[in-house]
Protein chains: 2
Amino acid sequence: MDAAGAWDKLTAEIREVSLLSGAAASLAWDQQTYMPKGSGGLRGKQMSILSRLCHERAVAPQVGEWLDTLGAADLPEQRQVAIRKLRRDYDREVKLPGSLIERQALARTAGFEKWMEAKTAKDFSIFRPALEELLAISKEKAAAIDADRHPLQVLMEKYDPGVSIPALQSTFARLQEGLTALITGVGDAPARELGGHWPLEAQKALHTDVAAALGYDFATGRIDPAEHPFTISLGHGDTRITTHYYEDDLLAGLGGTVHETGHALYEQGLPSDLFGTGLDSAASFGLHESQSRFWENAIGRSLPFFEWLQPRLDARFPGNGKQAVDLYRAANRIQPGFIRVQADEVTYNLHVIVRVELELALFEGRLAVADLPDAWNEKYTKYLGITPPDDAVGVLQDVHWSSGAFAYFQSYTLGNLYAAAFLATLRQDLPDLDDRVRAGEFRPILDWLRDRVHRHGRTLDGPERVRAVVGERDYVEDLLSYLWSRHGALYGLTRPA
Amino acid sequence: MDAAGAWDKLTAEIREVSLLSGAAASLAWDQQTYMPKGSGGLRGKQMSILSRLCHERAVAPQVGEWLDTLGAADLPEQRQVAIRKLRRDYDREVKLPGSLIERQALARTAGFEKWMEAKTAKDFSIFRPALEELLAISKEKAAAIDADRHPLQVLMEKYDPGVSIPALQSTFARLQEGLTALITGVGDAPARELGGHWPLEAQKALHTDVAAALGYDFATGRIDPAEHPFTISLGHGDTRITTHYYEDDLLAGLGGTVHETGHALYEQGLPSDLFGTGLDSAASFGLHESQSRFWENAIGRSLPFFEWLQPRLDARFPGNGKQAVDLYRAANRIQPGFIRVQADEVTYNLHVIVRVELELALFEGRLAVADLPDAWNEKYTKYLGITPPDDAVGVLQDVHWSSGAFAYFQSYTLGNLYAAAFLATLRQDLPDLDDRVRAGEFRPILDWLRDRVHRHGRTLDGPERVRAVVGERDYVEDLLSYLWSRHGALYGLTRPA
């Protein structure tokens, strides 16, 4: 077969697998929104067969043959890039034996159940054997892909290709030091709660106002309530947000929606004309997270944003009496706590650093699963100055490990670092950024992100894309400088020289 | 391969195809409930690939080989039945060329668009060429399956196996005559509107009360609003109802929900232990419709039902002032109208008979598509005594033909006939039926249907199953006698001898 024929076959196959994968995404969305509580058994079987079909087709020998043909052919630049990325995916996936994938699927189901049980009982030992099995399987996967390299590095490349563990370690070490200085400065400043009672229907309307103003396209999207907020694309032309409303906490829900809107704007801006090439998806988890964090924190927790929001809040909640500055203060209180997903934008990164350090220790064999709770508590005491009273608010709080999802916590803090670098660069390109936000002119911001990030899909890996946008910058300094600028002013602190 | 091996392979394959087909059903449900308006293009592609996969796997040569092996083997009784049904499905589907299925898919998309356009413009001629193409394709499909038999008979066997066209014609002729006598007797009796204003949230709560009382399992089901009410199973363990609420018409929405609950109770009662044998599905469209009609009309429009409902209505709509008899009268007004889906339970069957007669004429070549509107209007004038003022409320009113869905209108009236025969038989087995209904004791009714109909899946075809339940009965007489008994009393009429 010639290169043109191989290209046509390969892209047609990728389109079909993407559509099947979108069908699976639709089932996943339904499972977390409207599926009847008792229908989980059936749903698990439906999703499992769809993922198996997608995996089987993605690693079929003929795909390898098309890639061989195309790898040896003289292709236009963009197609060369596509083939390199697809080859990388293929070489990785084809090495995973079906039996290991099935074992992992079973271990995940068992792991999730045991984790729930352990969390309810506040007793890590119930979850321990399941976690040991999940860790062993992950190590086997890493070894199957490349036995000669650091196992966590190998696994991480699925989520954040181009990120190296040594670089990550030195970045996180500097960041941790800088954050600790800020948090120590804040000390025991009193919490500034917003309070109030916020009827759900009006919140839904407000969230819709905000997401639409930021540029989210409701013609091909929607917002639904879910236990744990997430954004999901069912394919080009169907990207859905979920969120969680709290009657007694306006800002928690709103922050969540702005965060998810950031993810959704990225998905809606991906290059649908590259459908079938494998370049039409997000570049990395870290880059995805940079989009959500950018909107959630840099824009959505800024004073100009709350100045824009305030009259809209009044329209949805007449007589609520909150001023922009009340919202701003309440949205930016720094307070070390046990729970990552409730953390402020400063301490949040320490939660992530703890997990990444623990994963490193687990994968390098320096830490046994049985010793994980103690190690967890030590690190919280050291970095956040607080010691979890039990495992439920400690090592058992996050769902990720219960499904064997190792190697992607780093993406949360990478997202914050990238977002800070984007913000610094955007401020140069759009000096009146704050005025724009205050006036609700979000379009130039979105256009900037669309042009520099979204429309490129994954033609570059995450770190390369960021570099292409911001040039040579020190992201740790960007993030610390941004955090000091906002929180130093709020807490009356001066950054030590 | 031996018979045991073939059985294992075949049932495993059927289970997988069923799960994929359930995934497609999930996409279809989403499309009609929550899918963003602009996401239809993507959804069409996702659904099309899933149906192609299901079709390809269902007619794969190896399936034929397993069926050959099992057809020649000495199997237990139930497996023999399963293999006979599966062979029938296979022999039918395998004859349909993929190219014809694709042509039909395209013609359906085009047909639906042209139908919408024509309906808006009230001009059949816009839709005519598309309908001609759809009819031609359906004739080709029938010829591909069996060129020697009546094409509509061949197509009908997919929906109502075991129903013969000559028998259907004589049944419908007798029924039409009997219905016309009743409708003539009613004459121009004034319409008895219920009136009132019924807030939607309270309606939703009432519908939930009613569906739950009838036995619908909400742990594996739910009710959502949709433009056109339908019930859909995503597999054993997930059966969903949709309905439509009208603020100014309590009974239209409620009747719809009770109807859909009837369908859903059948689905929830199908033999999940036969999953993989092909016997775990409904026996026919007509039998499915008998379940919805039975609950909607025989039970849900009876005076005892409204006596049970009335205090529940008061609880949800305090001070509404309606008595059971008001509800009963309003739910049972007979009035010929143009629109099938708004018709009462008496005239409804005439709408169906018109369509079946027209389909027969089209497929027998006695009627050209171009002459369809005139033929339609003539039959409405003759059977219902009214002449549609335009095509939008005439020949263009139903969506079915726009997607080439010929050969299943008969199932609606077959459902009414079967339901009447079930009711007559149930009254013998449960002489205090009315008291049970009045007391809200619906369980014995459901148990009766579960035992005699639901749990058998499609071990028998629809007509055989009905016969097995009711014995030798005259269903036309059962239906007319039921209708005269209710409406004769309401309208002060005596049935002519």
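Where chains A and B meet, 29 residues from chain A and 29 residues from chain B take part in the contact; two residues are in contact if their C-beta atoms, placed from the backbone, lie within 7 Å. This is a predicted model, in which local features need pLDDT of at least 70, side-chain atom pairs count only at pLDDT 80 or more, and totals for chains, interfaces and linings use all residues. Residues are numbered from 1 along each chain as its sequence is written, while chains are lettered from A and ligands numbered from 1 in the order in which they are written.

On the side of chain A that touches chain B, the elements giving two or more residues are α1 (3-33), α2 (40-58) and β2 (231-235) of chain A. Helices (H or I, at least four residues) and strands (E, at least two) are DSSP runs, numbered from the N terminus. With eight residues, α1(A) gives the most to this side.

Now look at chain B, where three strands form an open sheet in the order β1-β3-β2 with mixed pairing; two strands pair if DSSP finds at least two bridges between them. β1 (223-225) and β2 (231-235) of chain B each have a single partner strand, so one side of each is left without a neighbour in the sheet. Strand β3 (residues 238-243) of chain B pairs with β1(B) in the parallel sense over three bridges. Here you can find D224(B) opposite T242(B) in β3(B).

Finally, helix α1 (residues 3-33) of chain B packs on the sheet and touches β1, β2 and β3 of chain B.

Terms used
Axes fitted to C-alpha atoms, helices over the stretch in contact; angles between N-to-C directions.
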